[in-house]
Every structure is written in C-alpha cells, then in structure tokens.
Amino acid sequence: MTLIRFNNRNRLFPWNNGLKRFLSDESFLSDDFLDDDSLMPAMNVKEHQDDFEIEFAAPGFNKKDFEVTIEDDMLNVCAEKSREEEEKEEDYTRREFSYNSFKRSLKLPNSVNPNEDIKAVYKNGILKLKLLKKEEAKQLPKKVIEIA
C-alpha cells in the first residue's frame, strides 16, 4: 500500500487550483477578440519575374472602402466600413451597428518601382495589388553551372 500525502490547503479553497489552471491556460488569452492578428486580413505575397503580387483576404468590404497609398517607400493598405441599422415597431426598437477596419503597412523592397502604376483589383473578397519591378531588378533566367 502506498501512502499519499494529504493536502488540506486545497480543501479550504477548492477553487484555487482551478483558477490557477484557468488563468495560466494559453487558450484563455488566445480569444479572437484579444488577438491582434485576428484583426488583420490574411496576406499572400508572390514574387514573379516582372512584378510582385500581394493579396489580402478582406471579405465584406466594397472597393470604395479601401485606401491604398505609397509614402516614403511604404505601401499602406487601409479599409474601413461601418453599418448602422434601426428598426422600430410598436412595442420595441432594435438598433444594430458594426464597424470594421484594418491597416497594413509594408516596406517596399528596392526592386519595386514606386513611380509605375500599381494595379489594384477587389473581387470576391480578395484585394489584389500588382507592383512592377524596376528593369534592372528583374531576374535573369536561372543559369545552370555544370560541376566538373
């Protein structure tokens, strides 16, 4: 028979261990509301020979909700949308509102030509930006070197 030490402290405050576990659990602080990354749209960056293509997953917005600017070699993508709805009946009033916004800033590499036109298209919840490269920065085809 094995002896197990009796711990009387947990009997006086039975919630103590549960509270410690609850507050130390990482999932407690990983709620979408508290997580800053959840407020940012997912982003893909693809590099092609002649350009960069950047995609933002931003469903629920309209193209007029976006503002895309370049300032001091920084690409800024902002979106803001608000909605307010009110319904009045004889015995109740229902009022709802929502506000969504985000801002992402990306440092442009030296290979991007900020003076060229940047093409932006918003379709099916995806904002696509196409940034052209400078002529001298375009990649040359890969050269295979034979090993002797």
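A search of the whole structure, which is a predicted model, finds four aromatic pairs. Rings of Phe, Tyr and Trp (its six-membered ring) are paired if their centres lie within 6.5 Å, with planes under 30 degrees apart counted as stacked, over 60 as edge-to-face and the rest as tilted. In one of these pairs, the ring centres of Phe-61 and Phe-102 are 5.8 Å apart and the planes stand at 80°, so the arrangement is edge-to-face. Because Phe-61 belongs to the loop between E2 and E3 and Phe-102 to strand E5, this pair ties together parts that are 41 residues apart in sequence. Phe-66 and Tyr-122 form a tilted pair. Since Phe-66 lies in strand E3 and Tyr-122 in strand E6 (residues 119-123), the parts tied together here are 56 residues apart in sequence. The geometry of the two pairs is set out below.

| Aromatic pair | Centre to centre | Angle between planes | Class |
|---|---|---|---|
| Phe-61 and Phe-102 | 5.8 Å | 80° | edge-to-face |
| Phe-66 and Tyr-122 | 4.9 Å | 50° | tilted |

Ring pairs link Phe-61, Phe-66, Phe-102 and Tyr-122 into a cluster. Phe-61 and Phe-102 are buried, and Phe-66 and Tyr-122 are buried as well; buried means under 20% relative accessible area, exposed over 50%, and partly exposed in between (1.4 Å probe, protein chains only). A further ring carries a charge over its face: Lys-133 lies over Phe-52, at 5.1 Å from the ring centre. The criterion places NZ of Lys or CZ of Arg within 6 Å of the ring centre and within 35 degrees of the ring normal.

Residues are numbered from 1 along each chain as its sequence is written. In this predicted model, local features need pLDDT of at least 70 and side-chain atom pairs count only at pLDDT 80 or more, while totals for chains, interfaces and linings use all residues; side-chain values use heavy atoms, with hydrogens and water left out.

**Core**

The largest nonpolar core has 17 residues, and those with the most contacts inside it are Phe-66 and Leu-75. The elements that contribute two or more residues to this core are strand E2 (51-57), E4, E5 and strand E7 (126-132). Such a core is a set of buried Ala, Val, Leu, Ile, Met, Phe, Trp, Tyr and Cys residues joined through side-chain atoms within 4.5 Å. In soluble globular proteins, nonpolar side chains tend to be buried together. Leaving aside neighbours within four places in sequence, Phe-66 is in contact (heavy atoms within 4.5 Å) with Ala-58, Phe-61, Cys-78, Ala-79, Phe-102, Tyr-122 and Leu-127.

**Secondary structure and strand pairing**

The protein comprises two helices and seven strands, in the order α-α-β-β-β-β-β-β-β from the N terminus. Helices (H or I, at least four residues) and strands (E, at least two) are DSSP runs, numbered from the N terminus. Two strands pair if DSSP finds at least two bridges between them. Strand E3 (residues 66-71) runs antiparallel to strand E4 (residues 74-88), to which six bridges join it. Within this pairing, Glu-67 has Cys-78 in E4 as its bridge partner. E4 also pairs with strand E5 (residues 93-107), in the antiparallel sense and over 15 bridges. Leu-75 stands opposite Leu-106 in E5. Four residues lie between E4 and E5 in their hairpin.

**Turns and loops**

The hairpin of E3 and E4 has two residues between the strands, and in this hairpin Asp-72 takes a positive phi near 55°. Asp-73, in the loop between E3 and E4, has a positive phi of about 60° although it is not a glycine. Asp-73 counts as partly exposed because its relative accessibility is 39%. Asn-124, in the loop between E6 and E7, has a positive phi of about 55° and is likewise not a glycine. With a relative accessibility of 71%, Asn-124 counts as exposed. Most residues other than glycine have a negative phi.

Is Asn-113 buried or exposed? Asn-113 is buried, with a relative accessible area of 18%. The residue lies in the loop between E5 and E6. Not counting residues up to four places away in sequence, Asn-113 touches Leu-132, Lys-133 and Lys-134.

**Whole chain**

Of the 148 residues of the protein, 19% count as buried. Among contacts between residues at least 6 apart in sequence, 50% join residues at least 24 apart. The accessible surface comes to about 12,900 Å², of which 50% belongs to carbon and sulfur atoms; accessible areas come from the Shrake-Rupley method with a 1.4 Å probe, and for residues only the protein chains shown count as cover.
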